[in-house]
Amino acid sequence: MTSAEPSPAATDYDKALCAALSNEHAVVYGYGIVSAHCAPEVNTLVSSALNQHRARRDQAITMLTGRKVTAPVAAAGYQLPMPVDTPIDAMQLAVRMEKDCEVAWRAFVEQAQT
């Protein structure tokens, strides 16, 4: 059975990785919204960022699976931190998501032993 929560025996390292993965799930969702509202001239950049986050998500799932930890699954939807109706809103959401990723991955790195 899949769960949005890490396995009960998960270490702090595993929990931080699960938190970073959960953030990546949300960012992949968010970049769909960004793509729908961004200016056409930046869509290639948005698509590239989305692909990078998908790859990071997949790598985190692989790492957790290798550690025998149940990876959290993506939610059916996410509450956006702001309304997104214009290209400016879309870019502001992208910046916020990237900052949130920075925080989540830094917390993960802080738990690493090597």
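## The loop between α2 and α3

Let's start with Pro 83, which sits in the loop between α2 and α3. Helices here are DSSP runs of H or I with at least four residues, strands are runs of E with at least two, and both are numbered from the N terminus. This is a predicted model, so local features need pLDDT of at least 70, side-chain atom pairs count only at pLDDT 80 or more, and totals for chains, interfaces and linings use all residues. Residues are numbered from 1 along each chain as its sequence is written, and side-chain values use heavy atoms, with hydrogens and water left out.

Pro 83 counts as exposed because its relative accessibility is 61%; the cut-offs are over 50% for exposed, under 20% for buried and in between for partly exposed (1.4 Å probe, protein chains only). Going back 19 residues in sequence from Pro 83 takes you to Leu 64, and the two C-alpha atoms are 33 Å apart in space. Leu 64 itself is one of the buried residues of α2.

Most residues other than glycine have a negative phi. Lys 68 comes after α2. Val 73 also belongs to the loop between α2 and α3, but at a relative accessible area of 36% it is partly exposed. Its C-alpha is 11 Å from that of Asn 23, although 50 residues separate the two along the chain.

## Helices α2 and α3

α3 covers residues 87-111, which makes 25 residues, and it runs 37 Å from its first C-alpha to its last, close to the 36 Å expected. That expectation is 1.5 Å times one less than the number of residues. α2 has 24 residues and a reach of 34 Å between its end C-alpha atoms, close to the expected 34 Å.

## How α1 meets α3

α1 and α3 pack at an angle of about 170°, and their axes are 9 Å apart. The axes are lines fitted to C-alpha atoms, for helices over the stretch in contact, and angles run from 0 to 180 degrees between N-to-C directions. Sorted by class, the α1 contact with α3 has 19 nonpolar, four polar and four charged residues. Nonpolar covers Ala, Val, Leu, Ile, Met, Phe, Trp, Tyr, Cys and Pro, charged covers Asp, Glu, Lys and Arg, and the others, Gly among them, are polar.

Ala 104, in helix α3, is buried at a relative accessible area of 14%. Leaving aside neighbours within four places in sequence, Ala 104 is in contact (heavy atoms within 4.5 Å) with Ala 20 and Asn 23. Its C-alpha is 12 Å from that of Ala 60, 44 residues away in sequence.

## His 25

His 25 belongs to helix α1 and is buried, with a relative accessible area of 9%. Which residues does His 25 touch, leaving aside neighbours within four places in sequence? They are Arg 57, Ile 61, Pro 72, Val 73, Ala 74 and Tyr 78.

## The cysteines

A search of the whole structure turns up zero disulfides, where a disulfide is a pair of cysteine sulfur atoms within 2.5 Å. Cys 101 is in no disulfide either, as the nearest cysteine sulfur, that of Cys 18, is 15 Å away. Both residues are out of the way: Cys 38 is buried with a relative accessible area of 10%, and Cys 101 counts as buried at 4% relative accessibility.
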